[in-house]
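New notebook page. I want to get my bearings before I look up anything in detail.

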Amino acid sequence: MKNAIQNAGFKLKKVAGKAAFVSTALLGSTTVAMASESGTDYASQAFAEMQSQGSSMIGEAWPILTLIMGALVGMKLFKKFTNRAT
């Protein structure tokens, strides 16, 4: 019984290793085929689009950040003045 379990485990590892090798080889070959297929650089276009979106989001966040920082400074000054007044 022990030998049967060990043999089954060995065969499973052997099949899993072959499957991993085949899937890696297929993935590598499709990546090379896709890279050589088109002349456009989609990665740089995607990063340029992400950069423009990030810049617009930062531009929209500045008024909110200014409001929050102003409120924090105002609360700090209010606390300071009320402690000195009493």
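Where in the secondary structure does L72 sit? I looked it up in this predicted model, and L72 belongs to helix α2, which covers residues 42–85.

Next I checked how much of L72 shows. Its relative accessibility is 45%. Buried would be under 20% and exposed over 50%, so L72 goes down as partly exposed.

I found L72 in a nonpolar patch with I58, W62, I64, L65, I68, M69 and M75. Together these residues have about 830 Å² of accessible area.

Which charge does the surface patch of K76, K79, K80 and R84 carry? I noted it as positive. I picked R84 out of that group, and R84 is in helix α2. Is R84 buried or exposed? R84 has a relative accessible area of 66%, so I wrote it down as exposed.

Last, I stepped back to the whole protein. I counted 2 helices and 0 strands. How many of the residues count as buried? The protein has 86 residues, and the buried share is 0%.

Methods: Residues are numbered from 1 along each chain as its sequence is written. This is a predicted model: local features need pLDDT of at least 70, side-chain atom pairs count only at pLDDT 80 or more; totals for chains, interfaces and linings use all residues. Side-chain values use heavy atoms; hydrogens and water are left out. Helices (H or I, at least four residues) and strands (E, at least two) are DSSP runs, numbered from the N terminus. Buried means under 20% relative accessible area, exposed over 50%, partly exposed in between (1.4 Å probe, protein chains only). Patches are made of residues with over 30% relative accessible area and no salt bridge: like charges are joined within 9 Å, nonpolar side chains (Val, Leu, Ile, Met, Phe, Trp, Tyr) within 5 Å. Accessible areas come from the Shrake-Rupley method with a 1.4 Å probe; for residues, only the protein chains shown count as cover. A salt bridge is a side-chain nitrogen of Lys or Arg within 4 Å of a carboxyl oxygen of Asp or Glu. Lys and Arg count as positive and Asp and Glu as negative; His and the chain ends are not counted. The place of a charge is taken as NZ of Lys, CZ of Arg, CG of Asp or CD of Glu.
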